[in-house]
Amino acid sequence: MLIFEHSRPGRRNHSQSPATSAVADKIPQNLLRKTQPLLPEVSEMDTVRHYTRLSQMNFSIDTEFYPLGSCTMKYNPRACNSLAMLPQYLARHPLAPEDTGQGYLACMYDLQEILKDVTGMAGVSLTPMAGAQGELIGVMMIRAYHESRGDKSRTEIIVPDAAHGTNPATAVMCGFKVVEIATDKEGNVDMAALKAAVGPKTAGLMLTNPSTLGVFEKNVSEMSRIVHQAGGLLYYDGANLNAVLGKVKPGDMGFDVIHINLHKTFSTPHGGGGPGSAPVGVAERLLPFMPVPIVGHEDGRYYWVTEKEKPQSIGRLSAHMGNAGVLLRAYIYVRLLGRDGMHRVAEFATLNANYLMTALREAGFELAYPSRRASHEFIVSLKNIKEKTGVTAMNLAKRLLDKGYHAPTTYFPTLVPECLLIEPAETESKETLDAFVVAMKEILTEIEEQPDMVKDAPHTMPLRKLDDVKAARELDLAWKPHSE
């Protein structure tokens, strides 16, 4: 039910109503509304109950297991949120003088240095506001690097077929032609295809490692050598950094630029459209092109590094310097963890993934890459189940809602048919994983004995199975009075 359906003419919440008459008298007549806005007429009690009921319908990491592959939906510590809400941070205006924000700038400088250490890069800029923007900045710096050398022939970006969809989109937005290369049967980039694709037109290679197939690229050092020998640069999609945090550094693999999803690996709010943050780290050769501002430190004082100090910078990405709230949460998170804690994140993320993968295989599910160890996630394919029963990965995903679990990522990566990309994250307990396995086993039995019941799921949610095609083609997001 919509809030408008609770509306009754003349119903008000007077205790919360602003005194508008005095203000309205000071507004020019030509700027005043001629008609009342279309707002619901409801009491405070009705309003509170309505939105509380809606919140109770939400499926969130705070209430249930959320094994969303390639997105690392892990728990956000409340301490990070509380400390990032300190009045000294919230009250600081982003245009306040440097001298009045030394504490904030010190935190941001420390975060830059920590991320440099984690990634093995020579410099870090905190300004990108989301993963896709971090990608865009990474490829823009690759373009700026080649242009600064007068190398106009670099017109192609190589992208594996298992990449996030934003990778090829980013390359095209930066004016490059995308050259897609295949993945072999073991989940690695096809090296023969890579060698054939690399040449004098190669500006760079965009790679996610561990890949979206849930495996660590076996030939990453050789890939780096091939691309660099051809004059190209390497871009690292850091969406899956959680699997290798503190264990191996992209800079040591030979990458020239990386974006880091703070809203994934560094446990800041994620999902629901935001907020996000994706700092970029660069190797030595890309330092001049970094987006500004960056926090500098000299003689005990922190300051903004701007276009004046970096005339070759690709510029600014936002009004100020990144998403301050998310950056602060990430800074507090890494300080709470420390170096050893970050190592444990990768260890337990990998342990949980491999434990869950083994348990589901023993339960009868088919793995997409059975010979490979999982990194932080793995893929189950329902291809054979669909052929035998007609039950799809989406049917299973919706049935999981009835069992009290959010579904894994479905149908991504697209090169695996009837794909479930499962990531348990390091924050889940063994008991939670075991209970999830029980639910998956129950659904597998239901598929064998009552396939139509699974196809009609969910059965216990506020809304039953929707017509997905109709919902997409006839999207209706605006309420109108019945009289219209």
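In this report, helices are DSSP runs of H or I with at least four residues, strands are DSSP runs of E with at least two, and both are numbered from the N terminus. The structure above is a predicted model, so local features need pLDDT of at least 70 and side-chain atom pairs count only at pLDDT 80 or more, while totals for chains, interfaces and linings use all residues. Residues are numbered from 1 along each chain as its sequence is written, and side-chain values use heavy atoms, with hydrogens and water left out.

## The sheet and its helices

Let's start with the strands. Seven of them form an open sheet with mixed pairing, in the order S1-S7-S6-S5-S4-S2-S3. Two strands pair if DSSP finds at least two bridges between them. At the edges of the sheet you will find strand S1 (123–125) and strand S3 (177–181), each pairing on one side only. On average, neighbouring strands of this sheet are turned by 20° against each other, direction ignored. For such angles, axes are lines fitted to C-alpha atoms (for helices, over the stretch in contact), and the angle between N-to-C directions runs from 0 to 180 degrees.

Now look at one pair of neighbours. Strand S6 (residues 257–260) runs parallel to S5, and four bridges join the two. Within this pair, Tyr-235 stands opposite Val-257 of S6.

Helix H7 (residues 166–173) lies across strand S2 (156–160), S3, strand S4 (202–208) and S5, and runs at about 155° to S4. Helix H9 (residues 220–229) lies across S4 and S5, at about 140° to S5.

## Salt bridges

A salt bridge here is a side-chain nitrogen of Lys or Arg within 4 Å of a carboxyl oxygen of Asp or Glu. By this rule, the model has 25 salt bridges. Here are some of them.

| Salt bridge | N to O distance |
|---|---|
| Lys-247 and Glu-347 | 2.6 Å |
| Glu-387 and Lys-383 | 3.0 Å |
| Asp-434 and Lys-430 | 2.9 Å |

(Buried means under 20% relative accessible area, exposed over 50%, and partly exposed in between, with a 1.4 Å probe and protein chains only.)

The next pair sits within one helix. Glu-387 and Lys-383 are four residues apart in helix H12 (residues 383–389), which separates them by about one helical turn. Glu-387 is exposed, with a relative accessible area of 57%, whereas Lys-383 is partly exposed at 35%.

Helix H14 (residues 430–449) holds another such pair: Asp-434 and Lys-430 are four residues apart, about one helical turn. Asp-434 is partly exposed at 26% relative accessibility, and Lys-430 is partly exposed at 47%. Elsewhere, salt bridges that share partners join Arg-399, Asp-402, Lys-403, Glu-442 and Glu-446 into one network.

Most residues other than glycine have a negative phi, and most peptide bonds are trans. Where does this model depart from that pattern?

The peptide bond from Asn-209 to Pro-210 is cis, with omega near -5°, and Pro-210 is placed in the loop between S4 and H9. The bond from Val-292 to Pro-293 is also cis, with omega near 5°. Pro-293 belongs to the loop between strand S7 (280–282) and strand S8 (294–298).

Positive phi values turn up in loops as well. Ser-70 is not a glycine, yet its phi is positive, about 70°. This serine lies in the loop between helix H2 (44–57) and helix H3 (78–84). Is Ser-70 buried or exposed? With 4% relative accessibility, Ser-70 counts as buried.

Glu-418 is another residue other than glycine with a positive phi, near 45°. Its place is the loop between strand S12 (409–410) and strand S13 (419–422). Glu-418 also counts as buried, at 10% relative accessibility.

Key. Contact means heavy atoms within 4.5 Å.
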